[in-house]
Structures are given as C-alpha cells and as structure tokens.
Amino acid sequence: MSDKHYDALPKAHTTYANIVKSLLPIGNSDKVSREQLPQATYYVDELHIDQSNLEDYRQICGFADNGKVPITYFSVLSQTLQMNMMVKEPFPFAMLGLVHVDNSVTQYRPIGERETVAMAVKFDNLRDHAQGQQFDFVTTVKANDEVIWEGTSTYLSRSKKPASSKNKKSTPRPVTVKPLVNEEGVHSIFEVPEDIGRRYAFVSGDFNLIHLHPLSARAFGFPKAIAHGMWSKAKCLALMDELPDACTVDVSFKLPIFLPAEVELIAEPVAQLTSPADTCEFGLFSAKNDKPHLAGVIKLQGENQ
C-alpha cells in the first residue's frame with residue numbers, strides 16, 4: 001500500500017508538470033494493469049479551511065455565508081488529493097479521458113467553517129461499464145476520529161472494448177424525464193454564463209481544458225466549453241431550501257451544459273423529508289429543449305454508525 005500524509009492540501013502547481021503529462025496517453029500502459037486500482041490512501045491530517053477560498057466558493061455557487069461548510073465543499077477540496085493520486089500512483093487511465101458521472105455526499109452533522117478536520121481519499125470499486133470502466137474516489141472527513149462527512153465520486157474511463165474484470169458490470173443508467181413543476185418545491189430558470197468554467201476553475205483548482213474555453217474544448221471533441229458538474233450540483237443545492245443537518249445528496253450527471261446556457265431547476269420541497277424513507281428529488285434541465293443535465297435525490301441520514 002502506497003499511503004501518503006500531507007500537512008496541508010497540496011498546491012496544484014507543485015505537481016503541474018506531472019498533471020500535464022498525465023493528460024497524454026500513458027506510454028507504458030501495457031505495464032499498468034487495468035484489472036486493479038492502486039492500493040493507496042492520501043491523507044491531510046490537519047486540514048484548516050482557507051476562509052478566502054470558502055468565501056469565493058460560496059459566492060460562485062450561491063451558498064449563504066452562515067458559518068457552516070456547504071455540503072459539497074469537501075468534494076472540491078478532495079480533488080487536489082485525487083489529482084495527486086492519479087499522477088503519483090500507477091494509475092491505469094489517462095486523466096483526460098475521465099468523465100465524472102456520479103457524485104454522492106453525506107453530511108452527518110453541520111460542520112463549522114473554522115473546524116480543523118482530517119481528510120482521507122482512496123480508490124475503490126473498479127468495475128466494467130458498457131463504454132469502458134468505472135471507478136470511485138472515496139473521501140472521508142473526520143473530526144476527533146468521528147466521521148462527519150463522506151463522499152464518493154464516480155468516474156468513467158471510456159474505451160472501445162471494456163477490459164475483462166471479476167467485478168460485476170455497472171447497471172444501465174435510468175432515463176431522466178423532466179417532471180412537472182411542484183408548486184411547493186423550487187422552480188428556477190437561470191443563465192449560466194460563458195465564463196463560469198474559468199471562474200470556477202480558479203476556485204476549485206479543476207483546470208480541465210474542456211471547461212475553460214471553446215477552443216480548448218473543441219480540441220477534445222466538445223463544440224463549446226462545458227460547465228463543471230460539481231458546480232451545477234452545488235448551484236442546485238444553493239437554490240433549494242436549507243438542507244437537513246444530516247443528509248445524503250446523490251447526483252447523476254447527464255448531458256453536458258454547453259456554455260453559455262439557460263437552464264431550469266425543478267425540485268421537490270426539502271420540507272417533505274421527515275423520515276429516512278423519504279426522498280426529495282431534483283433535476284437540472286435545458287430551458288430550451290428539456291434535455292437533462294443532472295438528476296439528484298436528497299435523503300435524511302441518521303447518526304453515523
């Protein structure tokens with residue numbers, strides 16, 4: 001196992017050369033097995049939240065300045081560790097080919113913006129997919145050895161022929177149909193500006209070229225730059241009513257948001273969550289043709305076992 005401990009979140013520029021190299025096809029891919037992921041966990045033992053970055057994140061996503069960490073924020077912070085893991089470990093896929101398809105976050109209690117926490121990120125759950133292979137990054141955040149937040153980000157590495165694997169194949173993704181507006185929930189139509197990818201990149205550290213400019217996006221097969229999936233998830237949650245203190249928010253990313261765009265959020269009322277069996281569904285759609293960009297569900301979470 002190749003574990004690594006950091007005193008603070010690593011800066012993107014410290015591994016910039018390796019990140020650029022990782023965007024290219026792996027030259028010795030025949031020596032890196034696609035049958036398994038690196039058995040590595042990266043840690044930040046004492047994570048102090050950068051208050052300036054947190055404030056910028058709140059502003060670009062629309063979260064209230066209420067002294068609490070937004071439920072999606074640790075997903076953003078963990079991406080720095082994820083990038084380091086992909087370039088420093090024997091990672092079998094090219095970073096450029098990865099598609100963020102699902103994200104799940106669970107908050108077990110409100111987290112204060114000035115709390116000192118410990119973060120750990122690991123690879124998990126490599127499995128075949130009809131379009132290639134999928135795997136997870138699993139992030140755990142603790143305070144005084146108590147798990148207070150967990151997140152799973154699922155990525156797809158596309159290939160013409162999925163490699164054989166002992167793991168079971170992913171189940172087909174459900175079709176997302178635009179629902180009727182729930183009058184007691186949230187209905188919002190808003191503009192997504194052309195520069196949101198560049199602005200969010202400076203806040204999140206995710207400078208994937210498909211998000212930054214139409215020219216760089218076209219180089220990788222996209223007609224325009226596309227919005228970050230985690231920005232769209234955060235924006236939806238910021239527009240909804242205040243979330244329960246302990247809850248899980250699962251999201252599947254559907255069709256990309258080509259920038260600029262006009263989108264429509266349709267959400268059920270958060271207030272209908274009264275027991276762990278209840279759900280609050282929400283979705284983000286194109287305001288012009290009803291195509292889905294995101295499908296999400298919120299559930300109450302009991303005390304962490």
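User: What makes lysine 235 count as lying over the face of phenylalanine 190?

Analyst: Lysine 235 is 5.8 Å from the ring centre of phenylalanine 190 and lies over its face. A charge sits over a ring if NZ of Lys or CZ of Arg is within 6 Å of the ring centre and within 35 degrees of the ring normal. Likewise, the charged end of lysine 4 is 5.3 Å from the centre of the ring of tyrosine 6 and sits over that ring. The model is predicted: local features need pLDDT of at least 70, side-chain atom pairs count only at pLDDT 80 or more, and totals for chains, interfaces and linings use all residues. Residues are numbered from 1 along each chain as its sequence is written, and side-chain values use heavy atoms, with hydrogens and water left out.

User: How many aromatic pairs does a search of the whole structure find?

Analyst: The search finds 14 aromatic pairs. Rings of Phe, Tyr and Trp (its six-membered ring) pair if their centres lie within 6.5 Å; planes under 30 degrees apart are stacked, over 60 edge-to-face and the rest tilted.

User: Why is the pair of phenylalanine 93 and phenylalanine 135 called stacked?

Analyst: The centres are 5.9 Å apart and the planes of phenylalanine 93 and phenylalanine 135 meet at 15°, so the pair is stacked.

User: Why is phenylalanine 135 called buried?

Analyst: Phenylalanine 135 has a relative accessible area of 0% and is therefore buried (under 20%; exposed is over 50%, partly exposed in between, with a 1.4 Å probe and protein chains only).
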